[in-house]
Amino acid sequence: MENTIKIKSRSVWSDAWDRLKRDKLAMVSLGVIIIYAVVAILSATGLLAADWDQKVGESYMAPTTEKISLLFGTDIFGYSVLRKVIHGTQIAMSVGLISTLIAIPIGISLGALAGYFGKWIDEAVVWFYTTFSSVPGIMLLMSIAFAFGKGLTTLYIALGLTSWVGLCRLIRGEVMKHKNREYVQAATAIGAGNGRKLFIHIIPNVIHLVIINASLQFQVAIKSEVILSYLGLGVTGQPSWGTMIDDAKQELAQGVWWQLAGATFAMFFVVLAFNILGDALRDALDPKLKGK
Amino acid sequence: MNGSWNYILRRLLYLIPVLLGVCLLIFVLFNLVAPDPAALLLGKHATPEQILEVRQNLGLTKPLYEQYFDVVKSAFTFDFGRSWKTKQSITTMIRLRAIPSLTVSLPAFVFSTILSILFALLVAYYRGKGIDLFVRVSCIAMMSISSLAYILFFQWFFAYKMEWFEILGYEPGFPSVLPFISLPIIIWVILSLGPDIRFYRTVILDEIYQDYVRTAKAKGLSDRKVLLKHVLRNAMIPILTYTVIQLPFLLLGALLLESFFSIPGLGDMTIEALNESDFPVLKAMAILSAVAYVTFTLIQDILYTWVDPRVKLN
Amino acid sequence: MDWLFRMKKHLAILLLLPLALVMACKKKMSFDEKVLYQVASAKIQGFDPVFASDAYSSQAVGKVYESLYQYHYLKRPYTLVPNLASAMPEVSEDGLTYKIPLKKGVLFHNDECFPNGKGREMKASDVAYSIRRLADPKLQSTGWWLLENKVLGLDEWRKAGGDYSAPIKGLETPDDYTVIFKLKRPFPQFLYALAMTFTSVTPKEAVEKYGEEFLNHPVGTGPFTMAPYEQNYRIVFEKNPNYRQEFYPTEGEESDAEKGLLKASGKTVPFVDKIVLQIIREPQPAWLSFEKGRVDMFGIPKDNFDKVVAPGDAITDAYKEKGIVLHISPSLDITYIAFNNADSLFKDNVHLRRAMSLAYNIDEVNKLFYNGRTLKAQSIIPPGIAGFREDYVNPYREFNLVKAREEMEKAGYPKGEGLPVIKYETIASTTSRQMAEYFVKSMAKIGVRVEVSTSTWPQFIQKVNTKQAQMFGMAWGADYPDGENFLQLLYSPNGAPGSNGSNFSNPVYDSLFATSSVMQDSPERTALYERLNQMAAEQVPMIYGVHRKSFVVKHGWVRNYKYHEFSQGMEKYYDIDLEEKKRLYQKM
Amino acid sequence: MLLSVKDLCVDFSTQDGTMRAVNNVSFNIEEGKTVGLVGESGSGKSVTSLAIMGLIPDPPGKISQGEILYKEQDLVKFSDAEMRAIRGNDISMVFQEPMTSLNPVFTVGDQLSEVLMLHKNMSRKEAWEKSIELLNKVGIPNPKHSVGKYPHEMSGGQKQRVVIAMAIACEPRLLIADEPTTALDVTIQKQVLDLMLELQDQYQMGLLFITHDLGVIGDIADEVVVMYKSNVVEHNTTSKIFYQPQHPYTKSLLACRPSSDHNPKRLLTVSDFMDAQGNPLTPETSKMEKVEKDFGYDEEKNPVILEVNDLNLHFPIKAGLFRRTVDYTKAVNGVSFKLRKGKTLGLVGESGCGKTTLGRTILRLLDPTSGEIIYRGKNIADLPKYQLKALRSKMQIIFQDPYSSLNPRMTVAEIIMEPMILNNIKNSKKERFEHAQWLMKKVGLEPEQLSRYPHEFSGGQRQRISIARALAVDPEFIICDESVSALDVSVQAQVLNLLLDLQDEFGLTYIFISHDLSVINFIADEVAVMRQGEIVEMNTASMVYHQPEQEYTRTLLEAIPRGVPKDE
């Protein structure tokens, strides 16, 4: 296909990208997410806020502009809340990313299999997710924590394993629709097998839903980390936004609002950015919904 | 009509495999994976003999298949026995706890649904205008704050600082319950307003571009009339799906809200049971929510036929 | 719905309307009735005394039920006084037979289970019945350990299946107002057992009528009654109209008179008409409720110390203004980080244990987590109990990194080389998490690498009980005020799953403990306790933490309050000054 | 003058700037007269009608210039409320898609009453009575019963009648009909057209009839306005338009529609009449030669390649608690025919008659219940799936909807090369690509466009891509399933020509499925008329057309618009 690449053409994707580029709010959001990602990477590699567990002052010092590290005040140990917030970015982004990466393959594969093959495979998958979603999510989360112990890994797995149902349902429905589209019939007519029809034809046509779903899943995971921290399933040994907000429940009455504020704001912007980007992606990738 | 009864019956029969699945799931999760409750029940002075006795009493020494069968049995007889931890009858526990849960969740759900539909209609009507953008952005912003942060802040600010509400507690009876449940309800409404408005707006806009809307306008109907009669009625179909399926979860109540506002509801009970490995309670809650889930999907289907004449139960 | 569009501008008003309605019907505080508002931070399991093992349930049960004995409200150290018993028991020479006379005319609460709903008189048979219930194998009481292997024939009775009509050798009721206990072996702490809620007297009629639901239908002899328990988070107790004549104590500690605690001397109790017990799990709302006067008294969560307490343990002026009073009292407990002494790493390596103890800066812990208001623990017995010595200093308790490093070398792990990563188990609460973080940091200073593993409470208990936890943080509160209750934590037969979760095993310690535990209170026993306590310090089976203090704030209108370690049933002594409440309320 | 449109311009703002959808359009409609507005998709005819109704979505659309005078009042200047009083009352409209233009959740009666209650101040009861009357008027059987039906309980034709009833409910002065029959079968189309004419006559309404097919309005319009690329290119009385067309576009529109009387070798298309710049050309007259089709065959040259014997496809109807099969829908019922190489079998029938199912069954896209499909002497009816693969390169299909039959995520090159890969045609990527380029030329597209995506092409071009894909495997037999039905007549002609050219060049065999008898007549050698899963009549095309045996066939034939002016 050497010849083809030279000729510039606009695929659905490049069209979508063009549309996305025109959406200023979406681009700002993308920028915010990139900044968070960079902060997370810098923090993970130890270039930023590696010294979060160093005392920078007394316990519970109020925010002050004197020193950068005291910008958000200190926590109970006298650690810099700012550094903890920065370090928490790493946890939040990794929780979002990894749990999404766990949920999506499960959702796509089960959804696609059920939607494409139908019959008993569909029945089995539908049974499986009906069963799965009729048990309260919190029970699943807690028992996954029982099985894997506490910590970051459990957080990834728990959030990943409990959030595939929505995507699975969506993909199943879409695949069912596409299965009967004429272009798939046409593929049958030219002799394409099931694998080819599913992977080359149908999945690329529903994959945009996955991208939209992933951007929303990402922020849901970040938010869930807070709830899980409250339930005692959070991260240990390092600060996360969830544990910071959880700490705040004992601090607020005492007038220590900066841990809550710091973590809430840090979270607010990235979740906001993901939400806006998710919307914009939907508009861009699903042009029939444009402008809604 | 015979067809619809068959359908309903068939769907109810579907409960059987789902319940078996749920039983298997919770059996695996809580009997095999969760920690042994015996020692916990006996407290700090336990001896190995006593632990063994308790395990026998709880039926934990039976072969696994028998234990699974016990779970299945209780799922179909609805006889959940007593809590291991509190010795309370689980049926009574659920009955007593369901009321406070619903006292908060039901009005909250009704308010938030009505409010979001109203707002969604408003912004759909003014789509593309300033008010639309404002509401959309506010929705997203509201959704971007952790629910825990809302609770902590609202309780501190509105109940404590402003003294508008009781800080916490729960008193049965009307209207004495009002000052206790209003703040949790408000927080619930605020938490669900964002996603709800967004969803309903999309649903309504999906309908607004349909051909029949053009026909209705060509008849000379005003935009509002078209929106409120034609569009809304059609939008009810996805709206119903969205709302009805939330209903079984109302029973569980709002976890964090119940904890923070000391509302003795089912969500709170579930969390406690999880923390105490109170398997019978968890089992009961899982089975109950599975039954509720399947039942409400069925109700949803039946309601479809009511809002959408094209749908027949088949 | 066209109004919606017309009303667009007034939408805000529309939304605020219901809000205003709610605010209008906010509860008003009543000043006509003496109501005591209490708070508990965990739910009440039920009202069956034989299951009242946790502190909050036992306190709730204690309002309704009574035991034969109780602790004196004001005297310290804690001493027993008769409650349902009419006098202290006659104990035989060999310390094996206890003859207990009962008060006459003690009535049970009025309840449907009795003929005509009138509470009948409490008799000796009720005591015997209640003791049998505690031992009943079908009930699996959580308090059985208290009497296990102690009362003659009781264990056999339990083994035989618990036939209530079968006689028990060690439990006799010669007449309606006498109970005689015969013990298998001397058990000097036996009377304490009879002061615990587990041994509260319950009427047979209620148990039989309500069956398994008995736990929701409390029918006792206590100062307060309550309606059937509905598992609400708000439990209301009413003054018992049938209550016998009980009086406020006339003597106490020296300072009590000065504090006004003796003003009510000789008056009939209880004083309050009603107790409202609110269960609030989260500290923030609990504190906020207290500040608003919705709760009368409240144990402060550690993080609120600073706000309330000015330097020097006094209450801050802002609160003093509001009439809030702070009570700081030592509590009979100890916190510790246990080594699993069955673990090969710690088993025979006292130096490693010592090194880790020396590296853990307890003063810093005290400052960070308890605002410097606890007592550093030297060994296992807390102050206020025989066996504790004011002048004893544990050589391995100080914070000394130099010494710690020396010990590390002696342990065979210079600078931590060759030492595997140690796993520290903790539960998943906010404070436990922070404490674990601090422990990890401390150990890193001497090259000991620690990994934290958090669990839910059941998981944590399971790990400890199956000896899988390598190290773990714990606390122990006294069941009764006797050194034995603490020393038994290191007695090897109590090893996991028993109370000796550290699995410490030392033959010398074991034999000394066995000797001391059957001795009546005496200087010899105290000497033995002290020796055991010193062994416990030097062997470092655990890193001792602190003896905590209880911080209770109460509003000015609560009268006669004094901190009590075993406070079940003590509400009968509290009083509410309604005038004062009205006055202080206006200030809020 | 009832309505007078003067210099109307409508602009749409898009991301690429402002686009003029209607440019300086002017025409008049008198009471009781019919004006036909003709043009291809996107020519601005629908926008014009929406502008009259005041229903241009704003934003993005806007009337930037001109006047729409209704009874001497300028509708452009009307307020929304004033316009609403006009809509549905004075001016009403019938839309193209009867399936979606009724609200699915209200009964027909509700929707009819609504307009009456709105404009005529009738009570609910009066309106309901009147609705029944109206349904009767538009020829809905059993109106008393039908008034309580929901739209989905009616057929497409009945729905369109309901829409018409709604439009005439208030006895409007002007009725706008935007392609009201395009989505309907020919027989139904005829009935609906007759109904509209009858009503127009009865109420003396002005009628603006919009269509892409000149043939449809030949016998109903008094005047015709031809629009091309947002502009009016010709405006004249119907007979002038038909007999003395001036503009090459008008000429091409007249020539491109196949009809039973006029059976040329190839259809003339727009490109025969004008070049890309719109300059007139002189069409090749050779194309216009009438051909008498040669129905004879040569056993050598035209062997039987496909024989279908007693083919059945029955879908089970399940009911009851355990979903047991209680009956069957006989979608294909005892169909038998033979097909010879190089010939075209036309399969015609109303929608739902089973023709599409039959086509797909022959290709084994659906599995037959019983019967034989003998392809080159081999029964493929119950061949296992894996053995079918070899046949796939010999038999191909071209679908109806050019929008859904191409995978939107693949480039045209990928689409065309995929069958080659699957059937091992050509050895290297390079050869395949070259073959694809060659195919592109064959179907009349630029080879450079191979790297584009389907959405960058028009409907007609997409259909060409579908043809190229079918040809990629070098088939000998192609099923064209309503392949031109979704196209405008002008484009349809081009595709039909292409199919014929390819048949000549490669000796292809076609089964051509269509509901349009004139198309079938033009392309097919033999015609099979299907009804309810069965073939009711089968004969050579001219025999079917000129001497139909069945009453049903005759009805179908009569429904074909004559395509001659009214005043003739």
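Mentor: Buried area is the accessible area, taken with a 1.4 Å probe, that two parts lose on being put together, summed over both. This is a predicted model, in which local features need pLDDT of at least 70 and side-chain atom pairs count only at pLDDT 80 or more, while totals for chains, interfaces and linings use all residues. Residues are numbered from 1 along each chain as its sequence is written, chains are lettered from A, and side-chain values use heavy atoms, leaving out hydrogens and water.

Trainee: How much area do domain 1 of chain B and domain 2 of chain B bury between them?

Mentor: The bounds, which come from an automatic or database domain assignment, are 18-77 for domain 1 and 98-307 for domain 2 of chain B. These two domains bury about 1,000 Å² between them, with 82% of it on carbon and sulfur atoms, and their C-alpha centres lie 36 Å apart.

Trainee: How many salt bridges does the rule find across the interface of domain 1 of chain B and domain 2 of chain B?

Mentor: With a salt bridge taken as a side-chain nitrogen of Lys or Arg within 4 Å of a carboxyl oxygen of Asp or Glu, the rule finds zero between domain 1 and domain 2 of chain B.

Trainee: Which helix gives the most to the side of domain 1 of chain B that touches domain 2 of chain B?

Mentor: Helices are DSSP runs (H or I, at least four residues), numbered from the N terminus, and α1(B) gives the most to that side, with eight residues. Counting contact as heavy atoms within 4.5 Å, 14 residues of domain 1 of chain B meet eleven residues of domain 2 of chain B.

Definitions and conventions: Helices (H or I, at least four residues) and strands (E, at least two) are DSSP runs, numbered from the N terminus.
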